[in-house]
Amino acid sequence: MKQQPVESPTVTVGKARTRLDWAAWALALPLVVFLAFAFFYPLGYTVVQSFLKEHGAGATLLNYSQFLASGKGQGVLLLTVFLSLMATLVSVLLSVPLALVLRKRFFGKSFIQFLMLVPALIPALVGALGLLILYDRTGWLNYFLVRVVHVAPHPLVIDYTIPGMILFYVWIYFPYGALVILSGLQSIDPSVEEAGVVLGASPTRVFWSIVFPLLRPSLWAGSILIFLQAFGAFSVPLITGGNHRPLAVMIYTTATVFLEWPRASAMAVIMGLIQAVLVMVFRRLQSGKEATS
Amino acid sequence: MTFGFRMRPWRRLLMIVSLALFVLFIILPFVMIFLQAFGADWFGMEPLPRAWTLKWFQWAGETVDIVKVLINTLIIGFLATVIALAVSIPAAWAIARRRLPLKGLLMGLILFPRMIPEITYALGVGRIFYFLNLTNTYLGVALAHVILAAPFAVLVLTSTFEGIDNRLLEAGTVFGCNTSQLFLRVILPLALPGIVAAALFSFLSSYNDFVLTLMLYGPDTVTLSVQTFLTFGDGYTSVASAISVILLIPALLFLAALLRMVKPENLLGGLKGA
């Protein structure tokens with residue numbers, strides 16, 4: 001969005017105000033009341049539920065301890081973190097070369113840039129459906145591998161496996177990282193690289209000694225963004241996970257299939273806390289980046 | 001171009017091949033949905049369906065009343081947009097142009113829903129809205145979608161309002177505008193692009209939402225994304241693909257419109273998660 005610089009955005013119409021304007025909270029009131037009712041009240045309700053016993057009254061930490069101590073609960077956490085970490089790693093490995101290529105000018109560049117955004121901006125459910133069809137035992141990929149180039153004797157099983165889920169996560173969530181990495185790359189002053197070239201460094205050397213260190217904050221920020229998306233993923237593992245159920249899917253099934261609301265609530269609180277901490281770290285990185293540039 | 005040496009031919013070839021693979025990687029899932037939606041008797045291990053058909057769309061019309069589902073989705077999206085704008089415009093104005101005390105606290109409250117995964121609060125929203133008889137109503141589903149739309153609407157509108165030049169407002173006052181005239185004749189035209197972007201975004205986040213809708217829908221408020229899920233879950237992949245096509249086309253059109261107004265970084269930051 002284009003905007004002209006304005007001298008002092010806080011000044012109101014007419015005379016300048018120097019005192020704090022408590023009356024302005026009245027303008028924010030409808031939104032605050034709405035969020036209190038539709039968001040914070042349900043959230044607080046969930047937190048309270050998480051400390052309740054399954055049947056009857058009384059507070060307990062059992063919902064937490066049972067989940068965190070059980071092999072099943074730990075397995076769910078491990079699966080969620082593993083899927084998110086792998087998806088992040090693969091996405092970054094895909095995004096860096098893509099961002100490097102997108103710095104050059106070539107035919108069809110704006111098309112590639114649009115494509116880079118699409119998976120993150122359409123309903124994830126639709127993307128997941130298309131991915132399931134493409135990588136099915138009888139889908140195009142297996143048709144190509146088995147019938148066209150004959151590199152595989154049997155169709156590969158990708159759908160409903162963990163590697164398959166990582167592939168699908170990458171397809172849907174890599175744009176978050178790619179955008180951050182691309183904008184980080186574009187903010188690097190080209191004269192720094194030219195200096196490296198002039199001093200006789202090879203392109204590989206220029207990348208590892210000059211570009212990469214400068215890009216590191218963006219790599220971290222992009223990685224955290226992808227991780228957060230993958231960590232919170234719900235609709236994708238819901239339909240592509242089969243028997244593999246990460247945290248978000250477990251919360252949903254615990255609540256709506258098994259109707260164990262307190263247990264589901266405890267899992268939701270754990271998930272929310274982990275994500276909130278990661279967001280704080282991300283904000284810290286972002287503000288650090290702004291301070292240095 | 002960062003530095004001025006020409007690429008060697010083999011590097012050029014490598015670049016073209018990897019870009020082509022990337023394009024295929026992104027596009028093919030969409031191609032599959034279209035083939036599945038328009039193909040008759042396509043059981044795979046064949047490159048293309050043997051015949052083309054519209055029967056899956058007809059099925060979608062007959063078995064799940066897709067027109068009703070589409071109307072539900074549009075009504076809910078419209079309601080969510082109107083409510084999101086109604087609560088976000090005054091709040092954004094207060095943040096952008098008044099000396100608001102505890103501004104950081106307010107921003108924290110507004111952006112909080114974006115900091116945690118949707119499923120963590122969708123659970124509670126489903127329960128509370130159920131107690132209040134808001135499940136399976138247009139208003140209930142729309143209100144839940146406002147939780148997604150409002151934070152981003154406030155961000156876009158705040159930066160829009162900050163960009164309005166004080167001198168134009170002063171000029172309006174000098175020429176005798178009262179407050180409402182000032183809003184209608186000076187502020188609204190200046191802020192219109194931002195308001196349109198916020199509206200498009202709000203509609204799109206309602207239109208695309210799945211998690212909150214899943215916790216709140218009932219027979220009268222099934223939306224396109226929930227219907228895609230239900231139909232796929234029933235095992236009708238082709239019908240689910242047909243519904244996805246109906247879902248996808250307006251989503252892509254809206255997206256293209258929105259991308260002309262908002263920088264993609266901001267869009268992703270707003271659309272999901274942190």
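The accessible surface of chain B amounts to about 11,700 Å², and carbon and sulfur atoms contribute 68% of this area. Accessible areas come from the Shrake-Rupley method with a 1.4 Å probe, and for residues only the protein chains shown count as cover. The model is a predicted one, in which local features need pLDDT of at least 70, side-chain atom pairs count only at pLDDT 80 or more, and totals for chains, interfaces and linings use all residues. Residues are numbered from 1 along each chain as its sequence is written, chains are lettered from A and ligands numbered from 1 in the order in which they are written, and side-chain values use heavy atoms, with hydrogens and water left out.

Chain B contains 12 helices and 2 strands, where helices (H or I, at least four residues) and strands (E, at least two) are DSSP runs numbered from the N terminus. The order of elements from the N terminus is α-β-β-α-α-α-α-α-α-α-α-α-α-α. Along the principal axes, the C-alpha trace of chain B extends over about 75 × 65 × 35 Å. Of the 274 residues in chain B, 57% are buried; buried means under 20% relative accessible area, exposed over 50%, and partly exposed in between (1.4 Å probe, protein chains only). Among contacts in chain B with a separation of 6 or more, 70% are between residues 24 or more positions apart, a contact being heavy atoms within 4.5 Å.

Chain B carries 18 positive and 12 negative side chains, and the centres of these two sets are 15 Å apart. Lys and Arg count as positive and Asp and Glu as negative, while His and the chain ends are not counted; the place of a charge is taken as NZ of Lys, CZ of Arg, CG of Asp or CD of Glu.

Chain B is assigned domain 1 (9–52) and domain 2 (75–222 + 247–270), with bounds that come from an automatic or database domain assignment. A distance of 37 Å separates the C-alpha centres of domain 1 of chain B and domain 2 of chain B.

Ile33(B) is part of helix H1 (residues 9–38) of chain B and is buried, at 1% relative accessibility. Beyond its neighbours within four places in sequence, Ile33(B) contacts Val126(A) and Gly130(A), together with Ser241(B), Ser244(B) and Val245(B). Ile33(B) and Ser241(B) are 208 residues apart along the chain, yet their C-alpha atoms are separated by 5.3 Å.

Ile243(B) belongs to helix H11 (residues 237–259) of chain B and is buried, with 0% relative accessibility. Between Ile243(B) and Ala198(B), which are 45 residues apart in sequence, the C-alpha to C-alpha distance is 27 Å.

Ser88(B) is placed in helix H3 (residues 66–97) of chain B. Its relative accessibility is 0%, and Ser88(B) therefore counts as buried. When residues up to four places away in sequence are not counted, Ser88(B) touches Ala150(B), Ala153(B), Val154(B) and Leu157(B).

His145(B) is located in helix H6 (residues 138–162) of chain B. This residue is buried, with a relative accessible area of 1%. Neighbours within four places in sequence aside, His145(B) makes contact with Ile76(B), Ala80(B), Ser206(B), Asp209(B) and Thr213(B). His145(B) also lies 9.0 Å from Phe203(B), C-alpha to C-alpha, at a sequence separation of 58 residues.

Chain A comprises 12 helices and 0 strands, and its elements run α-α-α-α-α-α-α-α-α-α-α-α from the N terminus on. The radius of gyration of chain A is 24 Å, whereas a compact globule of 293 residues would have a value near 19 Å. This radius is taken over C-alpha atoms, and the globule rule is 2.2 Å times the number of residues to the power 0.38. The C-alpha atoms of chain A fill a box of roughly 80 × 75 × 30 Å along the principal axes. Buried residues account for 50% of the 293 residues in chain A. The accessible surface of chain A is about 14,100 Å², with 68% belonging to carbon and sulfur atoms. Chain A has 19 positive and 10 negative side chains, with the centres of the two sets 1 Å apart.

The division of chain A gives domain 1 (9–50) and domain 2 (63–292). The C-alpha centres of domain 1 of chain A and domain 2 of chain A are 34 Å apart. Contact between these domains of chain A involves 4 residues of domain 1 and 8 residues of domain 2.
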